[in-house]
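Please open the structure in your viewer and keep the selection tool at hand. The stops below are meant to be taken in order.

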Amino acid sequence: MNQGVTTENGLINEFVREFVGVVPAELLVNINASIASARHEWQPPDGRRASASARQFADALRQHDAFSAMEAQVCAAARLWIRQTLGREANDAPVHVLRCVGSRMAAQSYLRHFDSHVLTVLIPLQCAPDGDQNGDLIVHMRRCEPLAPLIHLFTKAWLFFEHGLPFGLRRALVNSGLSMRHCRRIRCVPGNAYVFNGFVTLHHNLHVANGERRSLIIHYYDAGLEARLRTMLRAVRHMRDRLAGYS
Ligand SMILES: [Fe+2]
């Protein structure tokens, strides 16, 4: 769904589309002010929370024609992709996530993964100061075959292992991919939206060395193929934590 269509908003590369100016500047200011004023109410260790606030911010965006037109367009394309590729109709409600990441969250960076949902809309709200470590999104050129569950299983198992590696090792692993031009860095700009198929596109974020990066992320249409796998991984993680004495 991310290929073959060029609009005035165009393709950043073959996997990610950028929709310029779909978030009004005034609304952006209000959302950031709202987050700043409510920081004491939530501070999850991973900086990530599916919250009523995230849903409210998305609903506020939907009041604006540019955003709602973009959303209708990419959702229609995603439903078509699911119909043609997975052979079913998609109609489940989107999941809204607010993600605020700062310099003390190194454990949240360089976590390469696939999303369980087919369509991901990333709306940057506030960027960290520019530099090598500003939390930018990285997409990998290698894609996962959506109808190859065994490959999916082995890839997930490897990524699960990779997420447990120390920060420096994870970063070295990912940077080796960058140096080999296997990845593309998406320089996000608040006010724009970035759209991709996270179910088949491997991706991760850079570390945030200074300041705080804030993003609203909307996931649409759970592919459903990973539900059993997630249950299994959760059980393994629980067992690992018990053996390590965390619970
Ligand atoms: Fe993701």
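What follows is a tour that goes from the whole chain to a metal site, a strand, a helix, the cores and a pair of rings.

This is a predicted model, in which local features need pLDDT of at least 70 and side-chain atom pairs count only at pLDDT 80 or more, while totals for chains, interfaces and linings use all residues. Residues are numbered from 1 along each chain as its sequence is written, and side-chain values use heavy atoms, with hydrogens and water left out.

**The whole chain**

Begin with a cartoon view, in which the chain shows 6 helices and 9 strands; these are DSSP runs numbered from the N terminus, helices being H or I with at least four residues and strands being E with at least two. Of the 247 residues in the chain, 47% are buried, where buried means under 20% relative accessible area, exposed means over 50% and partly exposed lies in between, for a 1.4 Å probe and protein chains only. Contact means heavy atoms within 4.5 Å, and among contacts in the chain between residues at least 6 apart in sequence, 89% join residues at least 24 apart.

**The iron ion**

Which protein atoms are the donors of the iron ion? Select His-113 (NE2), Asp-115 (OD) and His-203 (NE2), which lie 2.1 to 2.2 Å from the ion. Donors are N, O and S atoms within 2.8 Å of the metal (3.2 Å for Na, K and Ca), and since water is not among the atoms, sites may look incomplete. Along the chain these donors follow the spacing H-x1-D-x87-H. His-113 is partly exposed, with a relative accessible area of 25%, whereas Asp-115 is buried at 8%.

**Strand β7**

Next select strand β7, residues 193-196, where Ala-193 and Val-195 point one way, Tyr-194 and Phe-196 point the other way, and all are buried. Two strands pair if DSSP finds at least two bridges between them. Strand β1 (residues 17-19) pairs with β7 in the antiparallel sense over 3 bridges, and Arg-17 has Val-195 as its bridge partner in β7. Strand β4 (residues 117-126) also runs antiparallel to β7, joined to it by 3 bridges, and here Leu-122 stands opposite Tyr-194.

**Helix α2**

Now turn to α2, in which Ala-54, Phe-57, Ala-58 and Leu-61 are buried. Seen down the axis of α2, these buried residues fall within an arc of 95°, so they line one face of the helix; the arc is that of the directions from the helix axis to the C-beta atoms. The face turned away from this buried side carries the exposed residues Ala-52 and Gln-56. The buried residues of α2 pack against α1, α3, β3, β4 and β9.

**The nonpolar cores**

A nonpolar core is a set of buried Ala, Val, Leu, Ile, Met, Phe, Trp, Tyr and Cys residues joined through side-chain atoms within 4.5 Å. The largest has 36 residues, and those with the most contacts inside it are Met-70, Val-118, Val-121 and Ile-123. Its largest share, 7 residues, comes from α3. Apart from this core lies another, of 12 residues, among them Leu-137, Met-141, Cys-188 and Phe-196.

**A pair of rings**

Last, look at the aromatic pairs, of which there are 3. The rings of Tyr-220 and Tyr-221 have centres 6.1 Å apart and planes at 45°, so this pair is tilted. Rings of Phe, Tyr and Trp (its six-membered ring) pair if their centres lie within 6.5 Å, with planes under 30 degrees apart counting as stacked, over 60 as edge-to-face and the rest as tilted. Tyr-220 is buried at 3% relative accessibility, and Tyr-221 is buried with a relative accessible area of 6%.
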